[in-house]
Amino acid sequence: MSKRGLKKLVDAGHVRAWDDPRLYTVIALRRRGVPPEAILSFVNELGVTTANSVINIARFEQSIRTYLETRVPRLMLVLDPIPVVIEDYETLTPEHLDLDIPFSPKDTSMGSHTIRYTKTVYIDRSDFREEDSKGYFRLAPGKNVGLYKSPFPIKATTYSKDADGKVTEVRAVLDRDGPKPKTYIHWVAEDARKVEVRVHDPLFKSAEPASAEGGFLADINPNSETIYTNALIESGFDEVRRRAPWPEAAGEHSEDRPRPETVRFQAMRVGYFAMDSDSTDDHVVLNRIVSLKQDTGKA
């Protein structure tokens, strides 16, 4: 898109600024958290040609995904949390409470951190159903699920809802003697930090917005940004932030205080994320760099 077109997007308020993560300007890619070396790797992957060509965005994002997979730590981030109260938590012994969580299951050099297992944990709303069904392997009344690195699976017993029918709390017990859970889900403890998470999708509804009826401004995707204002991230985030940049790459480690977008990590089962420049010490904002898997709708 031309600079004139980008200016129209900015002036009309469709994006925040020239560095809005939904754009593909260099400063927008930096704010989104795309590492410089990932861009160079993608360019080298394409090679050199004298022919005019159009590169699918999905190919670019897959290259970023491949670059980040082995180079950034993993954390647990819950976008839409609901509390799960473990009713027999007091039966746990002290050795069950401090959990050693690796930053990478494959690269021990990244180290690990400790999470305190608490009576109330938070899981994503999508990981609980009021009624079980065939082919569903996560939490439901009378059904167990594993919590990543926790000592025992949990089994849901009851749940509460508000006046609008929205689940507000799940109660569960430790399932010490039940069947092995068919899946494990991510979670965060009571000391998790509240963060704002921005998940971006394509800014336009079509692959060629300039050809859309009414022009590219008529092709704006109204759902190009989803904001989770009550997301929770585990305590290991503080260490990841302190040890930034991730990965340590040329051009990102020369400053006394690394830029916010160098605080990168993989959120288990969710995607790759980086801190946004809107972040403060008290209010952390995260941008999704790319999803964990390619969206088939973009291919």
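Two strands pair if DSSP finds at least two bridges between them. Helices (H or I, at least four residues) and strands (E, at least two) are DSSP runs, numbered from the N terminus. This is a predicted model, with residues numbered from 1 along each chain as its sequence is written. Local features need pLDDT of at least 70, side-chain atom pairs count only at pLDDT 80 or more, totals for chains, interfaces and linings use all residues, and side-chain values use heavy atoms, with hydrogens and water left out.

**View 1. Six strands build an open sheet.**
The strand order is β6-β3-β9-β8-β7-β10. Pairing in this sheet is mixed. β6 (120-124) and β10 (184-185) are the edge strands, and each pairs on one side only. Inside the order, β3 (residues 81-86) meets β9 (residues 167-174). These two strands run parallel and share three bridges. I86 has A172 of β9 as its bridge partner.

**View 2. Seven strands build another open sheet.**
Here the order reads β1-β13-β14-β15-β11-β12-β2, again with mixed pairing. β1 (74-75) and β2 (77-78) each have a single partner strand, so one side of each lacks a neighbour in the sheet. Strand β11 (residues 193-200) and β12 are antiparallel, joined by seven bridges. Within β12, L232 stands opposite K194.

**View 3. Domain 1 and domain 2 divide the chain.**
Domain 1 takes in 3-73 + 192-291, and domain 2 covers 79-188. The bounds come from an automatic or database domain assignment. Between the C-alpha centres of the two domains lie 30 Å. At the interface, 21 residues of domain 1 are in contact with 17 residues of domain 2. Contact means heavy atoms within 4.5 Å. The buried area is about 1600 Å², and carbon and sulfur atoms give 67% of it. Such area is the accessible area (1.4 Å probe) that two parts lose on being put together, summed over both.

**View 4. D127 and R269 form a salt bridge.**
A salt bridge is a side-chain nitrogen of Lys or Arg within 4 Å of a carboxyl oxygen of Asp or Glu. The closest N and O atoms of D127 and R269 are 3.0 Å apart. Across the interface of domain 1 and domain 2, the rule finds one salt bridge. The count of residue pairs in polar contact between the domains is four, with both residues at pLDDT 80 or more. A polar contact is a pair of N or O atoms within 3.5 Å; within protein, one must be able to donate a hydrogen and the other to accept it, and residues adjacent in sequence count only if both atoms are side-chain atoms.

**View 5. β12 and α5 face domain 2.**
β12 (225-233) and α5 (237-242) each supply at least two residues to the side of domain 1 that touches domain 2. β12 gives the most, with five residues. That side of domain 1 holds twelve nonpolar, four polar and five charged residues. Ala, Val, Leu, Ile, Met, Phe, Trp, Tyr, Cys and Pro count as nonpolar; Asp, Glu, Lys and Arg count as charged; the others, Gly among them, count as polar.

**View 6. D132 and K143 meet in a salt bridge.**
Their N to O distance is 3.0 Å. D132 and K143 are each in the loop between β6 and β7 (144-147), eleven residues apart. A search of the whole structure finds 28 salt bridges.

Most residues other than glycine have a negative phi, and most peptide bonds are trans. A244 and P245 are joined by a cis bond, with omega about 15°. Another cis bond joins W246 and P247, with omega about -15°. P245 lies in the loop between α5 and β13 (264-267). P247 is in the loop between α5 and β13. K149 has a positive phi of about 65°, although it is not a glycine. The loop between β7 and β8 (154-161) holds K149.
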